[in-house]
Amino acid sequence: MLRQAGRPLVEFTLVPLALFWVLLSEVGFNAGLIAGLGWAGLAIGRRLVAGQKLPTILLITTALLVVRTVVGLETGSAFLYFLQPTVQNFVFSLMLLVTIGLDRPLLAKLADDFCALPKGISGHPGIKRFFKRVSLLWALVFLINGVTTIVVLATQTVGNFLLVSTAGSYSVVAMGIALSVWWFRRALAGNGIHLRIGPAAVV
């Protein structure tokens, strides 16, 4: 489960960030922009060639990255480039709130990218209620990230911004994950579902 959840985090977030930072430091701003977008394109291309499903989070982050890169290349402004993901925090928070009324909220679909649940569990009424309620938690997480990031962006250099915002953002996200896991286990237990980690039982 940790391996499946960690792979998207490394592939879609940490690697593009590292590529951007290295190319920004060694070559220049535009090279960093193209490197980050190029990595996302390779990730999509590799899955298409292999006939694999494209994760929802990859499609969302790539679409947003295309917009960021175009703005960054056109303006040459690091402030505007990093302002966009900051604003995206607010947009994503709103998207989570708007989709709460759906049968499967956006958060439930994103959860499949990290830890796909059996249909017997994901379709359970109690688990559906859990995803609706935990969407409120993650809407708050993205709202906090958006506010703190925009303050750091307005007051720090690019290097300091990358360091402080990344550390702060992942700290808030880590707390959100820990609370979500605890809440999920409680929701399972409250609905008489027992979670067992390990290979499938032989019938």
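**View 1. F130 and F131 are both buried.** Buried here means under 20% relative accessible area, exposed means over 50%, and partly exposed is anything in between, using a 1.4 Å probe and protein chains only. This is a predicted model, so keep in mind that local features need pLDDT of at least 70 and side-chain atom pairs count only at pLDDT 80 or more, while totals for chains, interfaces and linings use all residues. Residues are numbered from 1 along each chain as its sequence is written, and side-chain values use heavy atoms, with hydrogens and water left out. F130 comes in at a relative accessible area of 6%.

**View 2. Here are the rings around F130, with F131, W183 and F184 linked to F130 by ring pairs into a cluster.** A pair of aromatic rings is described by the distance of the centres and the angle of the planes. Rings of Phe, Tyr and Trp (its six-membered ring) pair if their centres lie within 6.5 Å; planes under 30 degrees apart are called stacked, over 60 edge-to-face, and the rest tilted. The structure holds five aromatic pairs. One of them joins F130 and F131, edge-to-face, at 5.1 Å centre to centre with 65° between the planes. Another brings F130 together with W183: the centres are 6.0 Å apart and the planes sit at 85°, so this pair is edge-to-face too. F130 belongs to helix α7 and W183 to helix α8 (residues 158–190), so the pair ties together parts that are 53 residues apart in sequence.

**View 3. Helices α4 and α7 run alongside each other, roughly antiparallel.** Helices (H or I, at least four residues) and strands (E, at least two) are DSSP runs, numbered from the N terminus. The axes of α4 (residues 78–98) and α7 (residues 125–155) come within 8 Å and cross at roughly 160°. Those axes are lines fitted to C-alpha atoms, for helices over the stretch in contact, with angles running from 0 to 180 degrees between N-to-C directions. On that scale, under 35 degrees is roughly parallel, over 145 roughly antiparallel, 65 to 115 roughly perpendicular, and the rest oblique. The contact has 16 nonpolar, seven polar and no charged residues. For that tally, Ala, Val, Leu, Ile, Met, Phe, Trp, Tyr, Cys and Pro are nonpolar, Asp, Glu, Lys and Arg are charged, and the others, Gly among them, are polar. The crossing of α4 past α7 is left-handed, meaning that the near helix is turned anticlockwise from the far one by less than a right angle (clockwise would be right-handed).

**View 4. Helices α2 and α3 make another roughly antiparallel pair.** Helix α2 (residues 29–50) packs against helix α3 (residues 56–75) at an angle of about 155°, and their axes are 10 Å apart. Here too, α2 passes α3 in a left-handed crossing.

**View 5. F161 is a buried residue of helix α8.** Its relative accessibility is 4%. T149 is twelve residues away from F161 along the chain, with 8.2 Å between the two C-alpha atoms.

**View 6. G123 sits in the loop between α6 (119–122) and α7.** G123 is partly exposed, at 38% relative accessibility. The C-alpha atoms of G123 and R104 are 8.9 Å apart, for a sequence separation of 19 residues.

**View 7. Two spans from the UniProt record, 20–42 and 136–155, are shown as "transmembrane region".** The unreviewed entry also lists 54–73, 79–102 and 161–184; positions follow the numbering used here, feature names are shortened, and annotations may be inferred rather than shown by experiment. Residues 136–155 are 100% helix and 0% strand, with end C-alpha atoms 29 Å apart. Residues 20–42 are 91% helix and 0% strand, and their end C-alpha atoms lie 15 Å apart. For context, the chain has eight helices and zero strands, and 33% of its 203 residues are buried.
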